[in-house]
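Hi everyone, thanks for coming.

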Amino acid sequence: MITILKKISFGILVVATTASFSAQKIDAKAKTILDAVANNYKSKDNVYFKFIYGTGNNKKVTKTEPGIFYSSKDLYKLKIMGTEQIFDGNKIYNISEEDQEITVAKPTGNEQMFSPLNYIEQYKKGYNVKYVGKLKVNGVNSDYIKLTPIKNNGIKEVNLFVNAAKKQLVKIEQFSNDNAVSIIAISNYVENQKLNSNMFTFDKNQYKNYFVTEL
């Protein structure tokens, strides 16, 4: 997720590893839940949700920022902190309203796009996975699943909270070895809306006074 936004560190959330999977332990119940959520997400024409992105230290969130997210299959639009990111299937556009600046880049294949699907499928990439139990999170009766890396990747643990009844992700918590904490709390989840045909299209005519950098 290196390319998400310049101003925030989404890149530290759930980083994939190249660890050997020979010692990987995956709880059967956790796998069933995560696979069901992934399949549900893939089956939708589009999804929308609001989210709160929080950061802090020592398990305490000290700063939060609201955001919104639209996606249709691989295409998406993300808005947070006065910055918008669009992926049109070919290029990623980071649009800063404050700086009146746009950066344009093609995905290299190494980054992860901002998508719930990335988080719920990370257990396949070098994490032990454990079903912990039921927990009320943001008013939702959620299944609590813990991911711990097989090898050191800078992450201590990742907690996923899932609304199993609706097969939707509710919250992600990541705790790093340097005691940093990052969270994404999802709300107002809506599926299969009638979206504008230009939702995931970048129109340069709307940004005539912006400085554009092609990477």
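The mean pLDDT here is 84, and 85% of the residues reach 70 or more; pLDDT is the predictor's confidence in each residue, from 0 to 100. Watch residues 1-21, though: the pLDDT there is below 50, and the stretch has 79 contacts in the model beyond near neighbours in sequence, a contact being heavy atoms within 4.5 Å.

Some ground rules. This is a predicted model, where local features need pLDDT of at least 70, side-chain atom pairs count only at pLDDT 80 or more, and totals for chains, interfaces and linings use all residues. Residues are numbered from 1 along each chain as its sequence is written, and side-chain values use heavy atoms, with hydrogens and water left out.

Okay, what's in there? We have two helices and 12 strands, which are DSSP runs (helices H or I, at least four residues; strands E, at least two) numbered from the N terminus.

The 12 strands make an open sheet with mixed pairing, in the order β7-β8-β9-β10-β11-β1-β2-β3-β4-β5-β6-β12. Pairing here takes at least two DSSP bridges between two strands. At the edges sit β7 (127-137) and β12 (211-214), each pairing on one side only.

Let's zoom in on one pair. Strands β5 (residues 92-96) and β6 (residues 101-105) run antiparallel and are joined by five bridges. Across from Asn-94 you'll find Thr-103 in β6.

Last bit: how much is buried? That's 48% of the 215 residues, where buried means under 20% relative accessible area, with a 1.4 Å probe and protein chains only.

Key: Buried < 20%, exposed > 50% of the residue type's maximum accessible area, 1.4 Å probe, protein only.
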